[in-house]
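Hi,

Here is the structure I said I would pass on. Have a look at it first, and then read on for what turned up.

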Amino acid sequence: MQSWAFPPVPVLPGRGPELRLYDTSDRQVRPVAPGSTATMYVCGITPYDSTHLGHAATYLTFDLVYRQWLDLGHAVHYVQNVTDVDDPLFERADRDGVDWRELGDREVTRFRGDMAALRVLPPRDYVAATQAIPEVIELVEKMLASGAAYVVDGEYPDVYYRADATQQFGYESGYDRDTMLRLFEQRGGDPHRPGKTDELDALLWRAARPGEPSWPSPFGTGRPGWHVECAAIALSRLGSGLDIQGGGSDLIFPHHEFTAAHAECVRGERRFARHYVHAGMIGWDGHKMSKSRGNLVLVSTLRAQGVEPAAIRLGLLAGHYRADRFWSSDVLDEANARLRRWRTATGLPAGPDAADVIARVRQYLADDLNTPKALAALDGWATDALEYGGHDSEAPKLVATAVDALLGVEL
C-alpha cells in the first residue's frame with residue numbers, strides 16, 4: 001500500500017543520550033540498543049472508522065521514537081500493517097450497505113491524510129493484510145508441520161495455534177491464565193469454540209464461510225486470523241529480533257502476545273522483539289473513547305473545525321505516552337496557548353541561549369519519552385525569552401528547529 005509523504009525533519013547539531021524505554025515484558029525502563037538501522041513494527045488500524053485521538057496518540061508515540069533515532073544518527077526501518085480483512089470491517093460495511101473493500105479504502109485514505117496533517121513520520125513498508133496472504137499461508141504451513149498448529153474438524157475446518165507451543169508463552173504480558181481468558185474473550189478470541197484443545201488457542205486461518213472473502217491454501221480456502229497477519233508481515237519485512245514491537249496498551253494481550261509467539265515458534269527463538277512498547281488509552285468526558293459509547297473524538301473532525309494539527313500534537317504530548325489520560329476542551333485550549341507562546345518566543349530577533357534547553361529536551365525524551373518535562377523545559381525558555389529577552393540572535397531559530405526535529409511541531 002502507498003504510505004503518506006515523509007515530512008522534512010531538520011538535523012540538529014550534536015546529539016543526545018541513548019534512548020531508554022519501558023519494556024512491557026520486563027516491567028522496567030531499559031536502554032534501546034539498535035544497530036545502525038533501527039527496526040520497529042507498529043500495529044496499524046482496522047479501517048472501518050476514522051482516526052480518533054487514541055489512534056493519534058499511539059502513532060505519535062512511535063513518531064517520537066523514530067525522531068529520537070534519527071537524532072541519534074540511526075537509519076530506521078519502520079513497518080506498519082493495515083488489517084483490511086476482519087469481522088469489524090465486514091460488519092460495518094454490511095451495516096452501511098457498502099462493499100468492505102470500498103469502506104477500507106476510504107478509511108485508509110482518511111487515516112493517511114490525518115497522519116500527514118499531524119506530521120507523523122510514515123512507515124517504510126505500509127502493508128495491508130490482503131497483500132500478505134502468501135506470507136501468512138507459508139507461516140501457517142510451518143506451524144502445522146511443526147505441530148504448533150492443528151485443524152479443528154467439522155463443517156468449517158479452521159486452523160488454530162497451540163498456546164503451549166512455546167514454553168515462554170505469557171512472558172510479554174505477564175498475565176495469569178484467568179486474566180488471559182477474560183481479555184481473550186473480550187478482544188476477539190473464541191475460547192468456547194468446540195474442538196479446540198485449549199480455550200486460549202488462537203485462530204490462524206478461518207475456513208471460508210458464505211459471503212466472506214477467502215483465498216486458496218494447502219489447508220483449505222479461507223482467510224487469515226488477526227495475530228498471524230502481523231507475525232507474517234513483521235517476519236517477511238524485518239526478520240526476527242526487531243528492536244520494537246509497538247501499539248496501544250489494549251494490544252498487549254492477546255494480540256502482541258500471540259504475534260510474538262507465532263514468530264518465536266517458527267524461528268525457535270526466545271524473544272520476538274527486544275522491546276515491547278505500549279501507549280496508554282485516551283478518554284473523553286471521564287470514559288475511554290470507544291465506538292460503542294459513541295464518544296470518539298476524530299482527528300478529521302477537529303481538523304474540519306479549524307483546529308491546527310500542531311495543537312492536537314501538543315495536546316496529546318502534554319501527557320506521558322504510557323498514561324491513560326483524557327482529552328478535553330481545556331487540554332486543547334492549553335495546547336493552543338502553548339503553541340502561540342512558543343511561536344511568539346521563537347519569532348523574536350534574539351533570545352536566551354538555546355544549548356541548555358535543547359540538551360534538556362533531548363535528555364527528557366531519551367528518558368522514556370518524558371514529554372511533559374520536555375514541554376515544561378521549552379515553556380521555561382519561552383517565558384524567559386518573552387519576559388527578559390536575550391542576546392543570542394540564533395537561539396530562537398535553533399529552538400524552533402529542535403521543536404520541529406524532536407517533537408514534530410512546526411513553529
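Let's start with a pair of helices: α2 and α3 are roughly perpendicular to each other, because their axes cross at roughly 105°. Those axes, for α2 (residues 87-96) and α3 (residues 100-117), come within 9 Å. On the α2 side the contact is made by L89, F90, R92 and A93, and α3 brings W100, L103 and G104 to it. By class, the residues of this contact come out as five nonpolar, one polar and one charged. Before you go further, bear in mind that this is a predicted model.

Next, the sheets. One of them is an open sheet of four strands, ordered β6-β7-β8-β9, with antiparallel pairing. β6 (149-151) and β9 (222-224) have a single partner strand each, so one side of each is left without a neighbour in the sheet. From one strand to the next, the twist averages 25°. Inside that sheet, β7 (residues 159-161) and β8 (residues 202-207) pair in the antiparallel sense, with three bridges between them.

β12 (residues 282-284) pairs with β13 in the antiparallel sense over two bridges, and G283 is found opposite K288 in β13.

Now for the annotations. An unreviewed UniProt entry gives a "binding site" feature at C43, C230 and H255. How far apart do their C-alpha atoms get, given that they span 213 residues in sequence? No two of those C-alpha atoms are more than 9.5 Å apart, so the residues gather at one spot. Of these residues, C230 belongs to helix α6 (residues 226-237).

The UniProt record, again unreviewed, also carries a short sequence motif, the 'HIGH' region, over residues 45-55. In the model that stretch is 27% helix and 0% strand, and its end C-alpha atoms are 8 Å apart.

On to the aromatics: a search of the whole structure gives 15 aromatic pairs. One of them is Y171 with Y276, where the ring centres are 5.9 Å apart and the planes sit at 70°, so the pair is edge-to-face; the cut-off for that class is over 60 degrees. Y171 and Y276 are 105 residues apart and link distant parts of the chain. Y171 is in the loop between β7 and α5 (177-186), while Y276 is in strand β11 (residues 273-279).

The peptide bond joining F253 and P254 is cis, with omega at about 5°. P254 is located in helix α7 (residues 252-267). The other detail is R27, a residue other than glycine with a positive phi, near 60°. You will find R27 in the loop between β1 (20-23) and β2 (28-31).

Cheers

Conventions
Residues are numbered from 1 along each chain as its sequence is written. This is a predicted model: local features need pLDDT of at least 70, side-chain atom pairs count only at pLDDT 80 or more; totals for chains, interfaces and linings use all residues. Side-chain values use heavy atoms; hydrogens and water are left out. Axes are lines fitted to C-alpha atoms, for helices over the stretch in contact, and angles run from 0 to 180 degrees between N-to-C directions. Angles under 35 degrees count as roughly parallel, over 145 as roughly antiparallel, 65 to 115 as roughly perpendicular and the rest as oblique. Contact means heavy atoms within 4.5 Å. Ala, Val, Leu, Ile, Met, Phe, Trp, Tyr, Cys and Pro count as nonpolar, Asp, Glu, Lys and Arg as charged, and the others, Gly among them, as polar. Two strands pair if DSSP finds at least two bridges between them. UniProt positions are given in the numbering used here, feature names are shortened, and annotations may be inferred rather than shown by experiment. Rings of Phe, Tyr and Trp (its six-membered ring) pair if their centres lie within 6.5 Å; planes under 30 degrees apart count as stacked, over 60 as edge-to-face and the rest as tilted.
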